[in-house]
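Have a look at the sequence and structure first.

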Amino acid sequence: MQTAPTLRVARPSDDLDALLPFYRDGLGLTVLYRFEDHDGFDGVMLGAPGAPYHFEFTRAHGHDAGRAPTADNLLVFYLPDEAEWTAAVERMHAAGFEPIPAFNPYWDHNGRTFEDPDGYRIVLEHGAWGV
């Protein structure tokens with residue numbers, strides 16, 4: 001049996017603290033690790049304990065990361081259970097984030113799209129992924 005790798009999604013940001021309410025409070029992720037001034041970088045990693053993925057956001061001292069290059073930079077979370085999906089959307093609302101229209105209207109049929117402070121988007125899709 002082959003072990004599935006852990007996926008780390010890493011990207012730069014100009015303001016790590018501005019991202020925390022979105023990913024920690026809204027998406028319900030846990031701060032797994034935080035570091036400061038490691039070779040000129042500060043960073044924070046968020047995820048769910050035991051999940052096969054986590055996010056790393058870094059800030060390079062003296063460098064501007066800017067915003068997302070397009071409105072179609074997405075991370076999609078498939079949530080097939082209706083109660084889980086509803087709770088996830090409500091948690092985003094409670095953290096102060098409102099859904100926005102997706103660039104690709106496909107995502108509006110069964111999902112809600114939210115934009116983080118850097119302009120990157122998360123889709124909470126009510127459905128299961130299957131090939």
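This is a predicted model: local features need pLDDT of at least 70, side-chain atom pairs count only at pLDDT 80 or more; totals for chains, interfaces and linings use all residues.

Q: Why is the pair of Phe 55 and Phe 77 called edge-to-face?
A: The ring centres lie 6.2 Å apart, and rings pair if their centres lie within 6.5 Å.

Q: What makes the pair of Phe 55 and Phe 57 stacked?
A: Here the planes are 20 degrees apart, at 6.3 Å centre to centre. Planes under 30 degrees apart count as stacked, so that is the name this pair gets.

Q: How do you know that Phe 77 is buried?
A: Its relative accessibility is 17%. Buried means under 20%, so Phe 77 qualifies. Phe 55 has a relative accessible area of 3% and is buried, and Phe 57 is buried with 3% as well.

Q: Which strands does the pair of Phe 55 and Phe 77 link?
A: Phe 55 sits in strand β4 (residues 53-60) and Phe 77 in strand β5 (residues 74-78), 22 residues apart. Both rings belong to one aromatic cluster, whose members also include Phe 22 and Tyr 53.

Q: What makes up the contact of α1 with α2?
A: Phe 22, Asp 25 and Gly 26 come from α1, and Ala 88, Arg 91 and Met 92 from α2. These residues divide into three nonpolar, one polar and two charged; Gly counts as polar.

Notes. Residues are numbered from 1 along each chain as its sequence is written. Side-chain values use heavy atoms; hydrogens and water are left out. Contact means heavy atoms within 4.5 Å. Helices (H or I, at least four residues) and strands (E, at least two) are DSSP runs, numbered from the N terminus. Rings of Phe, Tyr and Trp (its six-membered ring) pair if their centres lie within 6.5 Å; planes under 30 degrees apart count as stacked, over 60 as edge-to-face and the rest as tilted. Buried means under 20% relative accessible area, exposed over 50%, partly exposed in between (1.4 Å probe, protein chains only).
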